[in-house]
Amino acid sequence: MNKEPLTFNDLPQVVAELRDEVSGMKALLLNLQNRPTQQRENRHRPVTPEQVADYTNIPLATIYQKLANREIPGTKPGKRWVIYLDEIDKWLEANRKNPIPLTDEEQNAKILASHKRKPNKSTWNDDPIVKPLKEDKIQN
């Protein structure tokens with residue numbers, strides 16, 4: 001809106017502009033409401049070791065061995081193993097040999113954090129704290 005003071009004669013034009021903006025927002029909201037929403041798959045569901053072997057392409061015997069050694073997150077409340085798919089995803093990410101590539105911002109932050117400015121040895125003599133200490137040693 002303009003910062004000019006409104007007069008009574010400007011009122012019909014301002015109301016028409018507001019009506020157009022409100023109708024545009026209403027159409028936008030209706031469009032967003034009618035758009036189909038994408039349902040996320042529930043990844044926290046129990047699966048069998050056979051399904052884990054199919055999912056990860058790891059042999060079934062290796063899956064059972066890793067479950068027995070507690071390398072794979074899973075529980076055995078009775079005779080059968082209970083493994084959750086989202087925990088398998090986390091386990092796979094944690095045991096990843098190749099790190100996830102960093103974004104440009106993360107790389108810059110890592111570089112800046114690793115390159116701290118170190119004091120220059122030639123300016124140590126000019127330090128007001130070090131200078132009196134050296135003079136005291138010379139006098140003693």
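This is a short tour of one chain, stop by stop.

**Whole chain.** Start with everything shown as a cartoon. The model is predicted. Look for 6 helices and 2 strands. Trace the chain along its sequence, and the elements come in the order α-β-α-α-β-α-α-α.

**Surface.** How many of the 140 residues are buried? Buried residues make up 11% of the chain.

**Contacts.** Take the contacts between residues at least 6 apart in sequence. Of these, 43% join residues at least 24 apart.

**The nonpolar patch.** Select F8, L11 and V15. Together they form a nonpolar patch on the surface. The accessible area of the three comes to about 340 Å². Zoom in on F8. You will find F8 in the segment before α1, a helix that spans residues 11-34. Is F8 buried or exposed? F8 counts as exposed because its relative accessibility is 69%, and the cut-off for exposed is over 50%.

**Helix α4.** Move on to residues 85-94, which make up helix α4. Select D86 in this helix. D86 is buried, yet it has no salt bridge. Which side chain of opposite charge is nearest to D86? That is K90, 4.7 Å away. Next, show R43 and H44. Both are in contact with D86, once its neighbours within four places in sequence are set aside.

**Last view.** Show F8 and D86 together. F8 is exposed, whereas D86 is buried.

Key:
Residues are numbered from 1 along each chain as its sequence is written. This is a predicted model: local features need pLDDT of at least 70, side-chain atom pairs count only at pLDDT 80 or more; totals for chains, interfaces and linings use all residues. Side-chain values use heavy atoms; hydrogens and water are left out. Helices (H or I, at least four residues) and strands (E, at least two) are DSSP runs, numbered from the N terminus. Buried means under 20% relative accessible area, exposed over 50%, partly exposed in between (1.4 Å probe, protein chains only). Contact means heavy atoms within 4.5 Å. Patches are made of residues with over 30% relative accessible area and no salt bridge: like charges are joined within 9 Å, nonpolar side chains (Val, Leu, Ile, Met, Phe, Trp, Tyr) within 5 Å. Accessible areas come from the Shrake-Rupley method with a 1.4 Å probe; for residues, only the protein chains shown count as cover. A salt bridge is a side-chain nitrogen of Lys or Arg within 4 Å of a carboxyl oxygen of Asp or Glu. Lys and Arg count as positive and Asp and Glu as negative; His and the chain ends are not counted.
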